[in-house]
Structure formats: structure tokens, C-alpha cells
Amino acid sequence: MIERARALVQQSRAIVAITGAGISAESGVPTFRGEGGLFRGRDGRELATPEAFAEDPGLVWSFYRWRRRVVARCEPNAAHLALAEAEDAGRCEVTVITQNVDGLHHRAGSRWIVALHGDLFVIRCSGCGRERHDPDPDWPPLEGRASADPDDPEGSVILPRCERCDALERPGVVWFGESLGNRVLEDAWAATKRANVVLVVGTSAVVQPAASIYRVARARGTTVIEVNPESTPISEDVDISLRGTAGAILPDLLGARRSEGG
Ligand code: OAD
């Protein structure tokens, strides 16, 4: 199957890669539904909600500060790099539609990225909606001294406020229960309609609407190839489902040079 998948990818003029937390697993970023998704004993998915932010913005900001610090120490792996190199080689159009907010596709060098769920390093005002990019993982600043645990300093964060309207700033990510921006969805569907091959990489394919984007391709007869060590609810519905890690399979499929540390 890998030979067939490789041939289809190599012949393609336009590739779309729909990626989830699994593509960053080999970079050390915890996936959502694997172990390690807890923060101060709370399920991260419970903290990534508007309700949690309304109830305790300080705890939610501590969670996101922790995630920014964890991610800032991670490096793009061979899978991220293979996609960026394929795009850079210019042999075909490569668009990444990612559910991840870790910024690793960007850091790997991909330029055509649709960030469905936003980005950990984007800050948005909860009042006027103004957005800015802040790469500093040690932000928001802490009040009081940091504790022994460098990853989760117990000192509470100083709540950030918008310079323009003074409302609370929040992480520029999509929370559970929030809808995705129309613009990103339109970009995702447009890229998927142009693709000859769609790769679905490292996602449990249970969160909508991301999990259904591949259906746009299926409906047009576009080849859909899944890459995941485990089967998922869409494994039976795609053309080829490759069992393996993104770091091993994507460089093979995309014909990239193997990179050290990937
Ligand atoms: P999940 O944690 O739900 O799924 C990760 C998938 O990656 C699983 O299917 C794993 O089998 C697979 N996987 C693990 N290691 C892998 C590897 N080395 N190579 C390839 N695949 C691997 O993460 P997502 O599907 O991304 O939403 O979760 C989707 C959304 O659920 C997230 O974007 C987030 C979460 O709620 C929001 O934040 C709105």
C-alpha cells in the first residue's frame, strides 16, 4: 500500500495535508486523547472552554502559559519538515490544514497553512477582538516568584488586558463549544477541492468540522490517504490507511530527505 500511496503522492500537482496532534507527538507535544493531557489534575479539554475562562481566567492562562512553554521547547519533526520541503521544492502545491495550535508547521517552514483552531502564540482581546502574535513562552508574566517546577510555576499570572479597550485578553485559539471562523473553513474547503491527493495525518477524526473536511475530497473522487499508528472512525472510508507514525511515513511518501532529530 505504501508503494501505491507514494506513487499517487509523487504524481500529484496539489496535495492537502489535514493534520492533528499526532503529527506533533514525535516532537514531544502531548496529544489530546493520549495520556499527558492533564494540567494541575484537570483535563486540558475542560480548561479549553469559554466557561472555564469566565470562571477562572487565571487558571486558564496558567494552562496556556504551560502549553506555550512546553511547545516552545519542542522542535518540528521529520513529518513537519517533509511537508515544508515538498512545498518548498515547488514540484506541487502543498497546503497544510491543521487542527494543531503548536505552530510547528510554521516553524518547519510551511507557508500555506490553514490553522483551523488558531495558534497558542496568538493573543486575542475578548472585547474588541484585536489579535497580536506574541512568541514569548514566558508570557503572561507571573506575579510573585516562580515555584520549583519550571514548567508550571505556581505563581499566578498577571491577567493581560487589551491596550486598546482594556478588556481581558485571551489565547487566540478555538475553544470547545466555539465555532471556527468562516474564513478558515472556506480556505480549508477551497484547498481541499483543488487537491489531487488529501493526506489525513495524526488525527483521531472525532472533532468536527475538521474531521469531515476529507469528505469534500471523497465526494469529488480525490484520493484520501490516512497516516496513523491506530485505526480511526474514517479508516474504512479512505482509499488507503497506512498504519505507522507520521515521522516515518511522510518523508517516504513525500520523497523528503530524512532529517536528524525527526
Ligand atoms: P487526538 O489526540 O484526538 O488524536 C491524535 C491522533 O494521533 C490519534 O489518532 C493517534 O493514534 C495519532 N497518533 C499518535 N502518535 C502519532 C504519530 N507519531 N504519528 C501519527 N499519528 C499519531 O488529536 P486530534 O485528532 O488532533 O480541538 O484532536 C482534534 C482536536 O481535539 C484538537 O484540535 C483539539 C481537541 O479537542 C480543539 O482544541 C478545538
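## Surroundings of Gln 99

Leaving aside residues up to four places away in sequence, Gln 99 touches Thr 19, Gly 20, Leu 116, His 117, Thr 203, Val 207 and Ala 210 (contact means heavy atoms within 4.5 Å). The model is predicted: local features need pLDDT of at least 70 and side-chain atom pairs pLDDT 80 or more, while totals for chains, interfaces and linings use all residues. Residues are numbered from 1 along each chain as its sequence is written, and side-chain values use heavy atoms, with hydrogens and water left out.

Gln 99 sits in the loop between strand E4 (93–98) and helix H7 (104–108). Helices (H or I, at least four residues) and strands (E, at least two) are DSSP runs, numbered from the N terminus. With a relative accessible area of 12%, Gln 99 is buried; buried means under 20%, exposed over 50%, and partly exposed in between (1.4 Å probe, protein chains only). Cys 162 is 63 residues from Gln 99 along the chain, and their C-alpha atoms are separated by 26 Å.

## Packing of H6 and H10

Helix H6 (residues 78–89) packs with helix H10 (residues 246–254) at an angle of about 20 degrees, and their axes are 7 Å apart. That makes the two helices, H6 and H10, roughly parallel. Axes are lines fitted to C-alpha atoms, for helices over the stretch in contact, and angles run from 0 to 180 degrees between N-to-C directions; under 35 degrees counts as roughly parallel, over 145 as roughly antiparallel, 65 to 115 as roughly perpendicular and the rest as oblique.

On the H6 side the contact is made by Ala 78, Ala 79, Ala 82, Leu 83 and Ala 86, and on the H10 side by Ala 246, Gly 247, Leu 250, Pro 251 and Leu 254. By class, nine residues in the contact of H6 with H10 are nonpolar, one is polar and none is charged. Ala, Val, Leu, Ile, Met, Phe, Trp, Tyr, Cys and Pro count as nonpolar, Asp, Glu, Lys and Arg as charged, and the others, Gly among them, as polar.

## Overall fold

The protein has 10 helices and 11 strands. Its C-alpha trace spans about 60 × 35 × 30 Å along the principal axes. Of the 262 residues, 52% count as buried. Among contacts between residues at least 6 apart in sequence, 68% join residues at least 24 apart.
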